[in-house]
Amino acid sequence: MNHWIIAPVVLPALLAPFIVLAARYHIGIQRTLSVAGVLALIGIALGLALQASGGTIVLYQLSDWAAPFGIVLVGDRLSTLMVLLTAVLALFVLLYAISSGWDNRGRHFHALFQFQLMGIMGAFLTGDLFNLFVFFEVLLIASYGLMIHAGGNARLRAGVQYVLYNLIGSTLFLFALGSIYAETGTLNMADLANRVAMIGPEDTVGIRVAAVLLLLVFSIKAALVPLHFWLPSSYAEAPAPVAALFAIMTKVGAYAIIRVYTMIFPPQLEVTSGLHDVWLLPAALLSLAIGMIGVLAAKRLDRLVAFSVIGSMGMVLVSIALFTPEGIAAALYYIVHSTLAGAVLFLISDLVRTGRANLDLTPQPPVAGTALTAGLFFVGAIAMAGLPPLSGFLGKLLVLDAAYGTDLVVWIWAIVLGSSLISIIGFSRAGSILFWKAHSVAPLDSDPPQPRPATMSYVAVGGLVALLVAHTAFAGQMHGYAVTMAEQLFAPEPYISTVLDAPGKLSTPSTTGDY
Amino acid sequence: MEFLVASAIGVLTSGGLYLMLRLHTFPVILGMSLLTYAVNVFLFASGRLTVGAPPILSDATVYTDPLPQALVLTAIVISFGMTAVVVMIGLGAFLGSDDDHVDDPADDPVTADDEVEGTS
């Protein structure tokens, strides 16, 4: 058995306590360890992604217990790509946090950061629903600490909302797991896929409730309207590098929806028919519209970015809700884009704040380093609003193409294109107020000169922008890979047989057919 | 017994939901605790209710399902830790701003217009 697949979980899990115990008073050692850990994670993630790219399913049985009795980690194309995306995002976010000094404004930033990575990686890799819950909790506990990093009243208040909302989500998750276990007697995803398919049409009340509860839980994580209320305040008040890392957290929800609703409750399953086309799709369209209207209505830059994250999650979920291979492939392409674009915009909002008293969208005197920040904001806004030439435009095109020919094509095209227009207006309004109107305001001589952002901060943001450009330049390859991922998701038999037929302790020769 | 357990879960859940809708930190945390009690009992019942049966292999003919007990144990540990975290953060927010509302402050000119509710 190949042990590398558990390394993305174990490495941060060991590094975090080491940072707390051995280096708690030395920010330099903490930074070195943290960056080294993330670099190693990128290496491991690259290896895993290469291993899975040929279509093999990498299986890891913890303590060698056979599924469904033991917990398994499973790496397929989708999960290894998400792990790689998380590791790469974490590197640039970490560089920004170090160069801007955010990590030194409170204690234990690096330890919490590593725990957060551990939770996210585990959530992507696990093949067991209860284990998914546990990793959700790990990433949430770490995110509570990161969210209120550096303190402050506004941040603490937003933190209370964030924690409570997510606690409700966790409770719902437990209710969903309880009803699934009561109905099927297993929580292993591959085993569940087999057993849910066996449930007769007359006996579906419990499993329907469970499917809806699970969708609600994942929609809370993915900030789907009307379950998005936790996001704007907490992302706007969180320290900018933390908010940039949180850009991947909403994608954990989207990933869970894709995983569970292609494998356990596949779209052709009678039990859950109507769940995606009647409920998920309209809600996703609504969140796309509300997110982009929020971009236009926001009075502060950080809230504007938070609403654009809601809008782009709406776009991802519109594409997922189609539940066709084309739709999922478009969604996967757009997920990578929207993670990078959201992170770029959050980091840029912090660059803007470095020279200003606040982030209100009102004209204020120009500050040092505005030209470069404005240029980066221009690129980030183009990416998020989905204008050519960046990957947002290509992603949107793929979504529109996937929606062509479905029943709701008029609605989808109208809302996607309309909300794009609104977000373009919103972003250009924000950009012109922040950067152009600044020159019409005379600076007060009494103001002390504000510090410039560190060069390294620009390198971190520039690195993410370069990734966006690469995501555009290699769009053909990326989309081709997304198509193979979608094919793998819609043909889960190899996944299921790999998980259930692998020998281990307690395995019987005919594991799949004896219940 | 089924009726007792089911109504206990129902009463705990409804009480928890009522308290959560109060939008003050203290009742919300109490409601949160009631909800987690409810979900713990619910998880316990998901392995079917049996009395006096062993959860491990022995000479007995009737067994109880051991897995929900392990799940409940995990859930209890997590919810206990989470409650401690939210109490600390809530206390910090209350001491800092002298106000224990969970939703955004209405008098804050920046956030008041964005209509962000707190918990549902």
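**Notes on the predicted model**

1. In this predicted model, 31 residues of chain A are in contact with 33 residues of chain B. On the chain A side, the elements that give two or more residues are helix H5 (129-147), helix H6 (153-184) and helix H9 (231-237). H6(A) supplies the largest share, 17 residues. By class, this side of chain A consists of 19 nonpolar, six polar and six charged residues.

2. H5(A) and H6(A) also pack on each other, at an angle of about 175° and with their axes 11 Å apart. Because roughly antiparallel means an angle over 145 degrees, H5(A) counts as roughly antiparallel to H6(A). From H5(A), the contact is made by Leu129(A), Phe130(A), Phe133(A), Phe136(A), Glu137(A), Leu140(A), Tyr144(A) and Met147(A). From H6(A), it is made by Gly159(A), Tyr162(A), Val163(A), Asn166(A), Ser170(A), Phe173(A), Leu177(A) and Ile180(A). The residues of this contact divide into twelve nonpolar, three polar and one charged.

3. The largest nonpolar core has 227 residues, and those that touch the most other members are Leu317(A), Val344(A), Leu347(A) and Val461(A). H14(A) gives the most to this core, with 19 residues. Leaving aside residues up to four places away in sequence, Leu317(A) touches Ala222(A), Leu224(A), Ala254(A), Leu280(A), Ala284(A) and Ser287(A).

4. Helix H16 of chain A (residues 391-403) has 13 residues. From its first C-alpha to its last, H16(A) reaches 18 Å, close to the 18 Å expected at 1.5 Å a residue. Its buried residues are Ser391(A), Gly392(A), Leu394(A), Gly395(A), Lys396(A), Leu398(A), Val399(A), Ala402(A) and Ala403(A); a charged residue, Lys396(A), is among them.

5. What covers the buried residues of H16(A)? The cover includes helix H13 (301-321), helix H14 (325-355), helix H15 (370-385), helix H17 (409-436), helix H18 (455-473) and helix H19 (475-490), which belong to chain A. Just after H16(A), Gly405(A) takes a positive phi of about 100°.

6. Chain B has three helices and zero strands, and its elements run α-α-α from the N terminus on. Of its 120 residues, 29% count as buried. Among contacts in chain B between residues at least 6 apart in sequence, 48% join residues at least 24 apart.

Methods
Residues are numbered from 1 along each chain as its sequence is written. Chains are lettered from A and ligands numbered from 1 in the order in which they are written. This is a predicted model: local features need pLDDT of at least 70, side-chain atom pairs count only at pLDDT 80 or more; totals for chains, interfaces and linings use all residues. Two residues are in contact if their C-beta atoms, placed from the backbone, lie within 7 Å. Helices (H or I, at least four residues) and strands (E, at least two) are DSSP runs, numbered from the N terminus. The expected span of a helix is 1.5 Å times one less than its number of residues. A residue is buried if 20 or more other C-beta atoms lie within 10 Å of its own, exposed if 12 or fewer, and partly exposed in between; C-beta atoms are placed from the backbone. Axes are lines fitted to C-alpha atoms, for helices over the stretch in contact, and angles run from 0 to 180 degrees between N-to-C directions. Angles under 35 degrees count as roughly parallel, over 145 as roughly antiparallel, 65 to 115 as roughly perpendicular and the rest as oblique. A nonpolar core is a set of buried Ala, Val, Leu, Ile, Met, Phe, Trp, Tyr and Cys residues joined through C-beta atoms within 7 Å.
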